[in-house]
Amino acid sequence: MQVAIIKYNAGNVYSVSFALKRLGVDAMLTDDKEVLLKADKIIFPGVGEAETTMRYLKRNRLDQLIKDLKQPTLGICLGMQLMCNRSEEGNADCLKIFPVDVRRFRPTTAEKVPHMGWNTLSRMNGDLFKGLPEEEFVYFVHSFYVPLNEYTTARTTYILPFSASLRKDNFYATQFHPEKSGKAGERMLRNFLDL
């Protein structure tokens with residue numbers, strides 16, 4: 001099985017690569033369009049800023065390529081947000097795979113932004129969560145969120161309830177970092193690889 005991690009100007013791509021290695025998978029980090037189109041599974045991870053990243057994806061024609069992917073594709077953190085319509089981060093136009101806008105958390109006196117740390121998932125459904133109990137803990141680091149919508153496959157709450165994961169056709173996405181979420185995250189990555 002060939003697994004490709006999309007190489008672009010985002011942080012955190014190597015931690016995903018190391019997590020896959022622990023599962024016995026040598027993923028290829030690439031921005032080569034032919035390689036990406038031929039891969040069995042694609043992972044679109046990232047930590048970064050939406051507007052700058054979208055500019056990079058468009059300049060390198062990766063935006064259309066990602067939208068056209070037919071194999072299972074997993075967006076992680078910024079990757080999930082970039083799969084949405086627009087982001088309040090730099091008012092960026094995104095990939096429009098999920099027809100929902102990304103919003104900025106408004107901090108409260110009790111809860112600070114960015115949201116950083118472990119939260120539980122609820123109302124989990126779909127292939128990524130096979131074999132996992134309700135209220136599983138996963139790791140988040142983000143200042144922007146995707147509101148609950150018809151494509152939400154798991155939710156969590158920080159300041160307000162929001163989408164912890166999404167699914168539409170062959171596109172899967174998590175706001176949290178499976179590669180940093182211990183055994184639960186490992187199981188989710190394995191579930192994705194087994195699709």
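User: Which residues does Phe98 touch, not counting residues up to four places away in sequence?

Analyst: This is a predicted model. A contact here means heavy atoms within 4.5 Å. With sequence neighbours up to four places away left out, Phe98 touches Met83, Cys84, Asn85, Tyr151, Leu166, Arg167, Lys168, Phe171 and Ala173.

User: Which element gives the largest share of the largest nonpolar core?

Analyst: That core has 34 residues, and Phe98 is among those that touch the most other members, as are Tyr8, Phe44, Leu57, Ile66, Leu82 and Leu166. Elements that give two or more residues include strand E1 (3-6), helix H3 (50-59) and helix H4 (62-68). The largest share is four residues, and its source is H3.

User: How many residues are in the other core, the one with Ile76 and Phe105?

Analyst: This core lies apart from the largest one. Leu128 and Tyr172 are also among its members. Its count is 33 residues.

User: Which elements give two or more residues to the lining of the largest pocket?

Analyst: The pocket holds about 190 Å³ of space. Its lining has 15 residues, with Gly48, Cys77, Val141, His142 and Ser143 closest to the centre. By class, the lining has six nonpolar, seven polar and two charged residues. The elements asked for are helix H5 (78-82) and strand E9 (137-142).

User: Is Gly182 buried, partly exposed or exposed?

Analyst: Gly182 sits in helix H6 (residues 182-193). Buried means under 20% relative accessible area, and exposed means over 50%. Gly182 has 44% relative accessibility, so the class is partly exposed.

How values were computed. Residues numbered from 1 in each chain as written. Predicted model: local features only at pLDDT ≥ 70, side-chain atom pairs only at ≥ 80, totals over all residues. Heavy atoms only, no water. Buried < 20%, exposed > 50% of the residue type's maximum accessible area, 1.4 Å probe, protein only. 1 Å grid on protein atoms, 1.4 Å probe; cavity = no way out; pocket = protein on both sides within 12 Å on 5 of 7 lines; lining within 4 Å. Points joined across faces, edges and corners; volume = space filled by probe spheres on them. Nonpolar A, V, L, I, M, F, W, Y, C, P; charged D, E, K, R; others polar. Core = buried A, V, L, I, M, F, W, Y, C linked by side-chain atoms within 4.5 Å.
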